[in-house]
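Welcome! Please take a first look at the sequence and the fold below, and then we can walk through them together.

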Amino acid sequence: MFKLCHSKAGKKLTRAEQKELRPAQILDAAFTEFVKNGYAATRVEDIAKHVGVTKGTIYVYFETKEILFEATIRHASTSFADIVKSEDTRTGTASEKIRSLLGALYDHLDQDRQNREILKLIIAEGQKFPDIVARHEQCVFQPLIDRIIELIKEGAAAGELKSDYIAFPELVIAPLMTLTVLRIIFEEAMDIDIKGYRAAHLDLLLNGLLARKTEEVDGGSASGRSR
């Protein structure tokens with residue numbers, strides 16, 4: 001039950017304070033229901049019951065179920081921009097910064113179940129809500145991709161990393177996202193050594209990115225879309 005009439009200190013909230021908290025309470029309850037049931041099977045009356053209000057109250061704040069779903073995704077999502085910002089002050093080589101950034105991402109996705117559940121919702125409901133997918137990509141993922149491009153360029157300028165892979169920054173996080181999707185699909189049934197997986201990812205990635213004085217050419221340099 002999400003009904004809240006008292007503050008943490010035990011003081012009874014005023015009607016104005018309860019009204020101010022109401023949208024967040026509704027969105028928290030909606031997130032629980034949407035994750036559990038999916039969009040189609042979720043009933044607004046069940047969300048209202050969690051909060052301790054009437055179904056009509058939900059529609060005062062969110063005119064339709066679709067609007068409520070979109071607001072729930074925005075409310076529950078954590079942008080990777082926050083992680084990028086926290087890593088901006090890191091010093092060292094570009095490869096060391098990439099290692100640190102990926103370590104922070106692994107910790108974030110491993111410890112925060114809510115982020116995996118958001119991704120699960122977007123995968124399940126993305127066809128019905130293409131605008132949500134587009135916004136999530138732009139606001140949540142793009143800041144991370146932009147930072148990866150910056151680091152590869154930085155490393156390439158210093159002669160540390162190959163510049164070829166600037167065209168494919170998604171490859172830097174691909175193993176992490178694969179692991180996340182597998183955990184969404186199999187949940188607790190998947191037994192995997194996260195620490196070992198993370199170490200193998202970093203080893204493969206950084207050995208692939210590091211520039212070599214003499215490189216074997218297998219089909220020429222990597223090329224891809226311009227950035």
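## How to read the helices

Helix axes are lines fitted to C-alpha atoms, over the stretch in contact, and the angle between two N-to-C directions runs from 0 to 180 degrees. Helices (H or I, at least four residues) and strands (E, at least two) are DSSP runs, numbered from the N terminus. Two packed helices are described by the angle between their axes and the distance between the axes.

This is a predicted model, in which local features need pLDDT of at least 70 and side-chain atom pairs count only at pLDDT 80 or more, while totals for chains, interfaces and linings use all residues. Residues are numbered from 1 along each chain as its sequence is written, and side-chain values use heavy atoms, with hydrogens and water left out.

## The overall picture

The protein has ten helices and zero strands, giving the pattern α-α-α-α-α-α-α-α-α-α along the sequence. Of its 227 residues, 40% count as buried; buried means under 20% relative accessible area, exposed means over 50%, and partly exposed lies in between (1.4 Å probe, protein chains only).

## Helix α6 and its partner

Helix α6 covers residues 94-111, and its 18 residues reach 26 Å from the first C-alpha to the last, close to the 26 Å expected at 1.5 Å a residue. That expected span is 1.5 Å times one less than the number of residues. Is α6 mostly covered or mostly open? It is mostly covered, with 13 of its 18 residues buried.

α6 packs against α8 at an angle of about 160 degrees, with the axes 9 Å apart. That makes the two helices α6 and α8 roughly antiparallel, since angles under 35 degrees count as roughly parallel, over 145 as roughly antiparallel, 65 to 115 as roughly perpendicular and the rest as oblique. The crossing of α6 and α8 is left-handed, a word used if the near helix is turned anticlockwise from the far one by less than a right angle, with right-handed used if clockwise. On the α6 side, A94, K97, I98, L101 and L105 meet L144, R147, I148, L151, E154 and G155 of α8.

## Two nonpolar cores

A nonpolar core is a set of buried Ala, Val, Leu, Ile, Met, Phe, Trp, Tyr and Cys residues joined through side-chain atoms within 4.5 Å. The largest one here has 33 residues, and F80, I98, L102, L105, L144, V172 and I173 touch the most other members. At least two residues of this core come from each of α5 (80-87), α6, α8 (130-157), α9 (170-186) and α10 (194-209). A second, separate core has 25 residues, including F34, L68, F69 and I118.

Which residues does I173 touch, leaving out those up to four places away in sequence? They are L102, L105, L144, I145 and I148.

## Helix α1 and its neighbours

Helix α1 (residues 15-41) packs with helix α7 (residues 113-125) at about 40 degrees, and their axes are 10 Å apart. The two helices α1 and α7 are therefore oblique to each other, and their crossing is left-handed. Here F31, F34, V35, G38 and Y39 of α1 meet Q114, E117, I118, L121 and E125 of α7.

α1 also packs with helix α2 (residues 44-51), at an angle of about 125 degrees and with axes 9 Å apart. This pair, α1 and α2, is oblique too, and its crossing is right-handed. R22, Q25, I26, A29, A30 and E33 of α1 make the contact with D46, I47, H50 and V51 of α2.

In helix α7, E125 counts as buried at 8% relative accessibility. Beyond residues up to four places away in sequence, E125 touches G38, Y39 and F69. Leaving aside neighbours within four places in sequence, K120 is in contact with I184 and E187.

D131, in helix α8, counts as exposed at 53% relative accessibility. D131 and E70 are 61 residues apart in sequence, yet 9.0 Å apart in space, C-alpha to C-alpha. F168 sits in the loop between α8 and α9 and is partly exposed, with a relative accessible area of 25%.

Key. Contact means heavy atoms within 4.5 Å.
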